[in-house]
Amino acid sequence: MRVAAIPDHGKPRALIYTPAGRDASVAVSLIDEAGLASIAATDLSMFSSSLSDDIALGVLAEEAVRSSDLTAIAAWVSAQPSWSDLPFIVLTTRGGGPERNPSAARLSEVLGNVTFLERPFHATSFISIVRTALKGRHRQYEARAQLEALSEGERRLQTALVAGRLGAWELELSSKALSVSPTCKEIFGRSADDEVTYEGLIESIYPDDRPLVEARLRQTIDTGRDYSIEHRTIWPDGSLHWTEVHAQLYTDRYGAARKLVGVCSDTTARKTAEDNLKRLNETLEERVRERTTEVNAAHQTLLEEVAQRERAEEQLRQSQKMEAIGQLTGGVAHDFNNLLMVVLGNLELLGKHVAGDAKATRLVDGALQGARRGAALTQRLLAFARQQDLQVRPVDLAELVTGMNDLLQRSVGSSINIDAILPAALPPAMVDANQLELALLNLAVNARDAMPEGGRLAISLREEQVVGKDGGLREGSYLVLAVADSGTGMDPETLKRAVEPFFSTKEIGKGTGLGLSMIHGLAVQLNGALVLTSELGVGTTAELWLPATEWCLERPAEELPVPEAAPRLKILLVDDDTLIAMSSVDMLEDLGHEAVEANSGSEALALIRSGEHFDLVITDYSMPGMTGAQLAQSVRNMLPTLPIVLATGYADLPAGSDVDLPRLAKPYDQAQLAKEIAKAMSVETTPILRSSRIANASVPRFAKADDCCDEIGDGVRVV
């Protein structure tokens with residue numbers, strides 16, 4: 001069922017109160033660019049009175065509310081329903097959040113879900129925060145819709161129970177705690193205020209029927225069969241009544257009986273009529289069957305509603321778990337990349353100084369190998385977190401798989417037969433060919449490990465059309481690259497965790513647990529999906545759903561030759577991490593260049609404005625205060641022809657923008673550094689900051705490059 005995120009409005013609305021200067025007009029303009037409508041409040045009273053569940057986010061200037069009475073706003077925030085947590089953006093000029101601005105602590109307590117944005121700020125930072133807040137608000141509206149749908153289902157169920165005069169009950173087997181509805185109490189002759197216990201109800205059963213009831217209960221608990229019985233009951237006033245009871249046993253995850261949930265009805269009237277009219281009314285039996293069908297239908301409705309709620313909760317938990325793992329993994333991998341940058345650079349330089357010492361050289365080489373393995377590990381982590389830099393272009397998948405035939409056969413061994421079904425007349429797919437080859441090799445190696453005695457590995461390719469939103473995939477044409485093995489397979493629990501980082505069923509030392517997680521991250525970053533199906537003893541099939549395209553890659557321009565030796569250059573090295581900056585400067589000086597270190601964008605600009613001459617600028621991208629992209633734009637405004645190289649651990653660029661600058665991937669060694677310097681100095685750089693609609697990807701030359709890509713979305717499916 002598809003629900004609208006904001007049902008009452010075609011466009012989400014932002015409520016703004018920034019009375020000073022041009023803040024209001026700037027905020028309205030930027031919010032409009034982010035895709036929201038705006039309501040600009042003229043005073044705090046209007047702001048608080050305009051708060052409602054349909055407001056997507058609020059924007060406040062800290063100085064405008066610092067000493068104001070926020071009682072009305074606090075009351076509204078506290079009274080929000082359980083699904084709602086309205087995000088606020090507070091524009092501050094005094095150091096950001098509560099840890100550096102004590103007055104902001106008061107706003108945090110009042111507003112709850114608040115993000116502080118220190119001025120002056122870049123427009124892209126504001127828009128990024130607005131879009132993040134809007135995304136969270138959309139999820140709240142979706143949660144509201146789901147809760148309302150579940151509540152409506154419960155109301156329909158209660159209506160059905162009341163209409164059918166059915167009493168609902170639930171019995172905890174361990175404690176014998178009994179919960180009954182007022183209708184159930186009435187069926188056993190009790191009033192709504194009477195306390196009813198399990199022992200009391202058993203005592204109320206007619207003595208001749210009690211052994212059968214207890215035997216049926218034991219049978220249901222022992223075998224798991226549905227409980228269904230009709231027996232006589234003695235009411236407190238001594239009158240005799242007939243009661244029909246149906247129930248189902250619920251177990252815990254270990255299979256142990258946990259509780260009975262069921263319904264009951266008073267069948268005294270039916271029994272009396274049956275006894276009186278049985279000989280005269282031959283149709284009574286049919287009427288009884290109809291009534292029983294109604295009871296079973298109500299009971300089935302109850303079970304279906306409970307199962308639907310449990311499925312929704314499980315899907316939500318799985319989605320939240322994967323999102324949290326991805327965020328944590330990406331952050332750790334990025335920081336680890338920076339650490340490896342320092343280790344690799346210093347080890348490489350150290351190796352040159354101990355060239356004559358065999359033992360020291362062996363130790364340095366061993367450390368370098370370990371650091372490079374760590375770099376490969378971070379790339380897999382970044383792949384899972386969807387933060388690695390991709391070179392996306394149209395690729396003929398059949399040709400790619402065919403070209404890997406020899407490599408795949410050597411990787412899986414002679415005991416495994418590889419069958420390839422690769423139709424020739426399929427469109428190309430938008431992928432990074434190198435990353436896809438690595439993913440395919442990982443799938444083949446996993447299949448080999450699942451077939452220790454040999455078997456069959458089938459690699460197939462087909463085209464599929466997606467209509468509507470299927471498991472997170474957008475509408476359109478997809479190429480499905482499937483790898484199927486005849487190995488041991490996975491049980492459902494293992495299949496659920498298969499794409500988690502570091503989860504592995506292999507022996508210690510036989511795998512990192514990053515193969516499938518890397519492939520999952522790659523598929524999602526390419527706007528596709530990874531679909532896993534498996535059955536114990538039958539095998540596993542992994543399908544990569546990749547977006548197809550009609551675009552054809554232009555003939556690449558001939559690369560300019562890289563000079564073997566570069567002249568001595570004066571290079572400005574900008575990095576906020578002093579260890580990385582120190583290591584990079586040492587590598588530059590070892591290459592024969594003169595290096596000047598700057599630890600921020602503002603410090604670098606000051607050096608350039610001072611008139612000092614530089615032949616090249618190498619800058620880190622992710623820096624506080626001013627990013628490498630902002631620094632590059634400022635430098636180009638002053639010196640349009642000055643070559644600039646952007647160093648980054650991953651493509652962590654703001655959504656909706658891309659920088660057309662040479663990239664130096666972290667961690668880099670001295671050879672890579674020398675190569676990028678030579679390439680940057682061999683061609684004339686062009687000061688272009690261009691728009692792109694694909695995040696975390698470098699787009700090659702197409703007839704229309706912007707039309708061949710789409711936004712990267714989220715999606716993984718495990719069947």
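This is a predicted model: local features need pLDDT of at least 70, side-chain atom pairs count only at pLDDT 80 or more; totals for chains, interfaces and linings use all residues.
Q: Which residues of helix H1 are buried?

A: A residue counts as buried when its relative accessible area is under 20%. In H1, which spans residues 23-33, Ala 27, Leu 30 and Ile 31 are buried. Viewed down the axis of H1, these buried residues fall within an arc of 100°, so they line one face of the helix.

Q: Is Ser 25 buried or partly exposed, and where does this residue lie?

A: Ser 25 belongs to helix H1. Its relative accessibility is 43%, so Ser 25 counts as partly exposed. The C-alpha atom of Ser 25 is separated by 8.8 Å from that of Ala 40, a residue 15 residues apart from it along the chain.

Q: What follows H1?

A: Helix H1 is followed by Gly 35, and the phi of Gly 35 is positive, near 95°.

Q: Why does the pair of Tyr 17 and Phe 47 tie together parts that are apart in sequence?

A: Tyr 17 lies in strand S1 (residues 13-17), whereas Phe 47 lies in helix H2 (residues 44-50), so the pair ties together parts that are 30 residues apart in sequence. Tyr 17 counts as buried because its relative accessibility is 10%. Phe 47 is also buried, with a relative accessible area of 0%.

Q: What is the geometry of the pair of Tyr 478 and Trp 545, and where do its two residues lie?

A: The ring centres of Tyr 478 and Trp 545 are 6.4 Å apart and the planes stand at 55°, so this pair is tilted. Tyr 478 is part of strand S16 (residues 476-485) and Trp 545 is part of strand S18 (residues 539-547), so the pair ties together parts that are 67 residues apart in sequence. Both Tyr 478 and Trp 545 are buried.

Q: How many disulfides does the structure hold?

A: A disulfide requires two cysteine sulfur atoms within 2.5 Å. The structure holds zero disulfides. Cys 184 is in no disulfide, and the nearest cysteine sulfur, that of Cys 264, is 3.4 Å away.

Q: How many cavities of 30 Å³ or more does a search of the whole structure find, and what is the volume of the largest cavity?

A: The search finds five cavities of 30 Å³ or more. The largest cavity has a volume of about 220 Å³. It is lined by 15 residues, and the closest to its centre are Trp 169, Phe 188, Leu 201, Ile 202 and Val 245.

Q: Which elements give two or more residues to the lining of the largest cavity?

A: These elements are strand S6 (166-172), helix H8 (198-204), helix H9 (210-223) and strand S8 (227-234). H8 gives the largest share of this lining, three residues.

Q: How do the residues of this lining divide into nonpolar, polar and charged?

A: The lining of the largest cavity has 14 nonpolar residues, one polar and no charged.

Conventions. Residues are numbered from 1 along each chain as its sequence is written. Side-chain values use heavy atoms; hydrogens and water are left out. Buried means under 20% relative accessible area, exposed over 50%, partly exposed in between (1.4 Å probe, protein chains only). Helices (H or I, at least four residues) and strands (E, at least two) are DSSP runs, numbered from the N terminus. The arc is that of the directions from the helix axis to the C-beta atoms. On a 1 Å grid over the protein atoms alone, a cavity is a set of points where a 1.4 Å probe fits but cannot get out, and a pocket is an open set with protein on both sides within 12 Å along at least five of seven lines; lining residues have an atom within 4 Å of a point. Grid points are joined across faces, edges and corners, and a volume is the space filled by probe spheres set on the points. Ala, Val, Leu, Ile, Met, Phe, Trp, Tyr, Cys and Pro count as nonpolar, Asp, Glu, Lys and Arg as charged, and the others, Gly among them, as polar. Rings of Phe, Tyr and Trp (its six-membered ring) pair if their centres lie within 6.5 Å; planes under 30 degrees apart count as stacked, over 60 as edge-to-face and the rest as tilted.
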